[in-house]
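Q: I would like a close look at one part of this model. Please keep it brisk.

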Amino acid sequence: MNINFNFLLLGTSLSLIPNLLYAQCAETDCLKLGYTSLQKCDNGLKCPFGEYWACPKVEEKAVLGQCTGYAKNCSVGQILNNDGSCSNNVVNGKTPIGVVVYISGDSDKCGYAMTASPIEKSIMWAPVYINTGTFQSSNWQQAIKDFNVTDNMDAISQSANFGTYPATYAAINYAPSSAPTSKGKWMLPTAGILNSLYTNLNTVNNAISKVGGTQLTGNNEHIWSSSEYSDLGVWVFWTDNSAGVSPSDKANHMINHVVRPVLAF
């Protein structure tokens, strides 16, 4: 009897040892367990041993119309979607609103996406010869250094009523139905951005084809910029010119050309 009893006790004590060791070694440090946020978050889990939370990873996205640094995650030739994300291809649940044509090399990494098709195919820049106060140079090598999109648009808007400048008016009033809050943030590209478009034309055209837009081929489009050539005209993009931008026919303000606005992100 005594032998059996002792055997039973020994067996019981051995079976308890693993549980005892587990209880003593269980991790209770919230940070080591992956609970890294001190703020409560939607769909998050609270650490049972403290005030930390484990929050689901949120996809980083751009703020449409603003340069917040998100563009560092993107590249020229990608698609800009209506939720502010960049992608190499069309993504289910997201609507393409433009194709990335320029990303600055500055620390802020500002990007610009252009519409995949013209929003106006035959429209004047202005009904008269005028100097609006935007960037102005007759030298294309200087013109392609102009990336001051916002400053140019501000200068045009302050020089007279937007209605006086059909191309600018069309850009500023444009917004795709999938991104209505972007209205007022689309702008005419500068000569520098148009030159980036020309430099990366094959890559951009490939992206345009993915979203069903109108590719830039031959001499099918002359795209208005916001960079003035002189009091007589504005720089435009066309694919048959080696510089990428050209005062084609002196880009007369009153000639009808194409509007493909750009959006900062």
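This is a predicted model: local features need pLDDT of at least 70, side-chain atom pairs count only at pLDDT 80 or more; totals for chains, interfaces and linings use all residues.

How many aromatic pairs does the structure hold?

A: The structure holds five aromatic pairs. Two of them are described here.

Start with tryptophan 125 and tyrosine 165. Their ring centres lie 5.8 Å apart. The planes meet at 70°, and over 60 counts as edge-to-face, so this pair is edge-to-face. The pair links distant parts of the chain, 40 residues apart. Tryptophan 125 sits in the loop between β7 (120-123) and α2 (140-143). Tyrosine 165 sits in the loop between α3 (149-159) and α4 (166-172). Both tryptophan 125 and tyrosine 165 are buried.

Now tyrosine 174 and tryptophan 186. Here the centres are 5.1 Å apart and the planes stand at 80°, so this pair is edge-to-face too. Tyrosine 174 belongs to the loop between α4 and β8 (186-187), while tryptophan 186 belongs to strand β8 itself. The pair therefore ties together parts that are 12 residues apart in sequence. Tryptophan 186 is buried, and its relative accessible area is 0%.

Threonine 115 is found in the loop between β6 (111-114) and β7. Its relative accessibility is 4%, and buried means under 20%, so threonine 115 counts as buried.

How values were computed: Residues are numbered from 1 along each chain as its sequence is written. Side-chain values use heavy atoms; hydrogens and water are left out. Rings of Phe, Tyr and Trp (its six-membered ring) pair if their centres lie within 6.5 Å; planes under 30 degrees apart count as stacked, over 60 as edge-to-face and the rest as tilted. Helices (H or I, at least four residues) and strands (E, at least two) are DSSP runs, numbered from the N terminus. Buried means under 20% relative accessible area, exposed over 50%, partly exposed in between (1.4 Å probe, protein chains only).
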